[in-house]
Amino acid sequence: MEPLDHKFQQPEKHGEVKAEQQRNFAIEEQGENGDRPKQINTNESAAMPELRKGSRGEMVMKAQRILKRSSDYVGYVDGDFGPFMEAAVQSFQRRSKVPITGIIDHQTWDALNQIH
C-alpha cells in the first residue's frame, strides 16, 4: 500500500480561495477614517416583535413552540395568542425573573431564546 503523503495537497488556487473566505466571513473591516477597525458582525439579535393577547402569526407559533419545550404552554401551536398563551407567558416570566406582564417583549424574547 502506498503512503498518502502529498496526494491530498491543496489546489493551486488555495490562496485565492482563502482570500475569498476572508472577504465573505470577515469580522472586522477598516473604519471610515482608517484608524480603527469597526465590527461588522456584532452578534446582536434581530429585533423581535412584541407579542400580546390578540397577536397572531408565525412569531406567535415560534413562541408557543419554545414555551411548549419549557412546559409552560400546553395548548395547540396555532399562532393565536389567547388566554392560555398569556398565562403561559406569565408563568415563564415568573420563573425567568423578568417583569410579569403577559406580553412577550425584548426581555422575554431574550429569556425565551435561552431555552434549547
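**Entry 1: nonpolar core.** I began with the largest nonpolar core, which has 15 residues; Leu 51, Leu 67, Phe 81, Met 85, Ile 104 and Leu 112 have the most contacts inside it. Helices H2, H3 and H4 each supply at least two residues of this core. I took a nonpolar core to be a set of buried Ala, Val, Leu, Ile, Met, Phe, Trp, Tyr and Cys residues joined through side-chain atoms within 4.5 Å. Buried stands for under 20% relative accessible area, exposed for over 50%, and partly exposed for values in between (1.4 Å probe, protein chains only). I then listed the contacts (heavy atoms within 4.5 Å) of Leu 51: leaving aside neighbours within four places in sequence, Leu 51 is in contact with Met 59, Val 60, Ala 63, Phe 81, Ile 103, Ile 104 and Trp 109.

**Entry 2: basis of the model.** I noted that this is a predicted model, in which local features need pLDDT of at least 70 and side-chain atom pairs count only at pLDDT 80 or more, while totals for chains, interfaces and linings use all residues. Residues are numbered from 1 along each chain as its sequence is written, and side-chain values use heavy atoms, with hydrogens and water left out.

**Entry 3: confidence.** The mean pLDDT (the predictor's confidence in each residue, from 0 to 100) of the protein chain is 77, and 60% of its residues reach 70 or more. Residues 23–33 stay under 50, and the model has 18 contacts beyond four places in sequence for them. Over residues 35–44 the pLDDT is also below 50, with 18 contacts beyond near neighbours in sequence. Where pLDDT is low, the predicted coordinates should not be read in detail.

**Entry 4: overall layout.** I recorded four helices and two strands, in the order α-β-β-α-α-α along the sequence. Helices (H or I, at least four residues) and strands (E, at least two) are DSSP runs, numbered from the N terminus. Of the 116 residues, 22% count as buried.

**Entry 5: Asp 72.** I found that the Asp 72 side chain makes a polar contact of 2.6 Å with the side chain of Ser 70 and another of 2.9 Å with that of Ser 91. A polar contact is a pair of N or O atoms within 3.5 Å; within protein, one must be able to donate a hydrogen and the other to accept it, and residues adjacent in sequence count only if both atoms are side-chain atoms.

**Entry 6: salt bridges.** I counted four salt bridges, each a side-chain nitrogen of Lys or Arg within 4 Å of a carboxyl oxygen of Asp or Glu. Asp 72 forms one with Arg 95, the closest N and O atoms being 2.5 Å apart. Asp 72 lies in the loop between H2 and H3 and Arg 95 in helix H3, so the pair ties together parts 23 residues apart in sequence. Arg 95 is partly exposed at 49%. Another salt bridge joins Arg 56 and Asp 80 (3.9 Å, N to O). Arg 56 is exposed at 66%, whereas Asp 80 is partly exposed at 27%. Arg 52 pairs with Glu 50 at 2.4 Å.

**Entry 7: positive phi.** Ser 71, not a glycine, has a positive phi of about 70° and is exposed at 60%. Lys 97 has a positive phi near 60°, lies in the loop between H3 and helix H4 (106–112), and is exposed at 73%.
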